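Here is a friendly walk through how the parts of this model meet. Have the sequence and the 3D view open as you read.

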Number of protein chains: 2
Amino acid sequence: DGDKVLLLDTGFFSGIRASRTIEAYGGIPIHLKSPIGSAPTYDDVKAAIDSYRDLKAVFIVYSETSTGVLVKDLKDICMEAHRKGLITIVDAVSAAGGVELMVDDWCIDLCASASQKCLAAPPGLSFVSVSERIVEEAYRRKPRSLYLSLREYLEYSSNREVPFTPSIPLIYALSEALDMLIEEGLENRIARHRILSEAFYNGLEALGFKPLPRLGYRSPTLIAVEPPRGVSVDRIVSMLRDEYRVLVAHGMGELRDKIIRIGCMGAISSMEVLYTLQAIEHILSKLGCNVEPGLSLTEASRILSG
Amino acid sequence: DGDKVLLLDTGFFSGIRASRTIEAYGGIPIHLKSPIGSAPTYDDVKAAIDSYRDLKAVFIVYSETSTGVLVKDLKDICMEAHRKGLITIVDAVSAAGGVELMVDDWCIDLCASASQKCLAAPPGLSFVSVSERIVEEAYRRKPRSLYLSLREYLEYSSNREVPFTPSIPLIYALSEALDMLIEEGLENRIARHRILSEAFYNGLEALGFKPLPRLGYRSPTLIAVEPPRGVSVDRIVSMLRDEYRVLVAHGMGELRDKIIRIGCMGAISSMEVLYTLQAIEHILSKLGCNVEPGLSLTEASRILSG
């Protein structure tokens, strides 16, 4: 029988997607759910680890892009799991570069991210950081494919080579994007994401939108809000796209028609936040909502100037 | 026990690499070797299929980049394997767009290629063509990973979607490269690769290089030659790189110090062929070989003007 993996189910990627991935590799996913818009806390995870005595690993999507939820206790959860001998696996795809993340200090055994989110390079590259324990596991197990074999990459990289043709143009693009991150400063970038996301939420709440993630559980990189009663998600998404050239997404799965999702990461600045809020104000007016002109911008700029 | 897969072992990619990939997926590779510089023929493969009565599939690297060998009987081999009920799998990475390849007419069930070789787009994308039989197999089997699950891609593509973030910039680049292929014309492009490779071999033979692939087994996309006696592979490779900014490769594995490999694909023209030959002439002179100036160029241009 496969290894049991505790997963913190806070939405599509940490729920259905993670579960299917674990199952494809022969593992047994155990879902730890929390009320929508929140994430399991340190206490929740500690209790789960103690009640399932035969867990092998904990799998966490730090910033859940389908709901905008951040696992706020990530540090304490990973350190507790590590103390209990579990492998800690963190998907930091929409987190790395946008929110605090100390891979080694927080005892994260395997941390994966990608080029296209807060690092603001083109999509097409992903990377993993692995602990000694993961290296041992990789050598202990028979690889299940050659292309995604960690052992294969480790062996080639010891000669400063790669096993398969890499996308050189994307590597140059990522290198430039990382230079830009260093110029901005990681702490400044993290602060920028935090401030802009707060401005977004403040502005949207002034317009009658309801944040999906609760306070304290809001990822700074993905804004997820329910529109005011009677306003259709599809209408907002299509009008933003067609009339303002602003691309936002509807929800995923059951949330399809319930929320809009706005990316707040990478190259975003206060300009995009203000322009998007203004566009949404106009759309609400056109749809007949009673909107006080400029209110969302005022509320947003209260944060931006703070 | 796993499925038995007959593989036509003509070098590193069709030998060790293919074998390890098949093993990683639980299959049993059966190597059909041929003397170096040649490939199993239709008769060889037919005899092998008849002697191993329990084969599931045949795996063929059409153009073997480690040796410059082309599986010249690909069409007849695939049609025979298909008649016998086997699945035919063709790696056309350095073949698609550079040599004749009729996926459906030749009964190829699964054909894989990539963006960066004869299609002349940047590296980073690969694609597969699959027959109905492969689709059935994909649905009959439990996926072994989610990221490389064919079923996952098939299901999303039925809604014109993809399961994972694609590299949009590379897709635009590939689209442009395919437009350029259509402008040139596929037949013209195939003829170009054939003519330029013959020019390369003619020129290099005039300089005392010995082709690794035998006549009739030469891939038009990768030139593989042994240097004249006493001339070191490393010397040629490093002088071409440092003094002429021409990148060629040494051999792989056992052939490391025995051959040089010259890419002859994609955006290559007679200019690159002539410049490379001239550079090699100069290098041989510098190394003290007795070279008749211009001879290789004359021999190459005999083909180019033909």
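How many salt bridges does the rule find across the interface of domain 1 of chain A and domain 2 of chain A? The rule finds zero there, where a salt bridge is a side-chain nitrogen of Lys or Arg within 4 Å of a carboxyl oxygen of Asp or Glu.

## Before you start

This is a predicted model, in which local features need pLDDT of at least 70 and side-chain atom pairs count only at pLDDT 80 or more, while totals for chains, interfaces and linings use all residues. Residues are numbered from 1 along each chain as its sequence is written, chains are lettered from A and ligands numbered from 1 in the order in which they are written, and side-chain values use heavy atoms, with hydrogens and water left out.

## Two domains in chain A

Chain A splits into domain 1 (4-178) and domain 2 (185-304), with bounds that come from an automatic or database domain assignment. Taken over C-alpha atoms, the centres of the two domains of chain A are 28 Å apart.

Contact (heavy atoms within 4.5 Å) links 25 residues of domain 1 of chain A with 22 residues of domain 2 of chain A. The buried area between these domains is about 1900 Å², and carbon and sulfur atoms give 65% of it; buried area is the accessible area (1.4 Å probe) that two parts lose on being put together, summed over both. On the side of domain 1 of chain A that touches domain 2 of chain A, there are 11 nonpolar, 11 polar and three charged residues. Here Ala, Val, Leu, Ile, Met, Phe, Trp, Tyr, Cys and Pro count as nonpolar, Asp, Glu, Lys and Arg as charged, and the others, Gly among them, as polar.

## How the two chains are related

## Where chain A meets chain B

In this interface, 28 residues of chain A are in contact with 28 residues of chain B. About 2100 Å² is buried between the chains, with 55% given by carbon and sulfur atoms. A:Arg17, A:Arg144 and A:Leu146 supply 26% of the area that chain A buries against chain B, more than any other three residues.

What about charged pairs? Across the interface of chain A and chain B the rule finds two salt bridges. In one salt bridge, the side chains of A:Arg20 and B:Glu152 meet at 2.7 Å, N to O.
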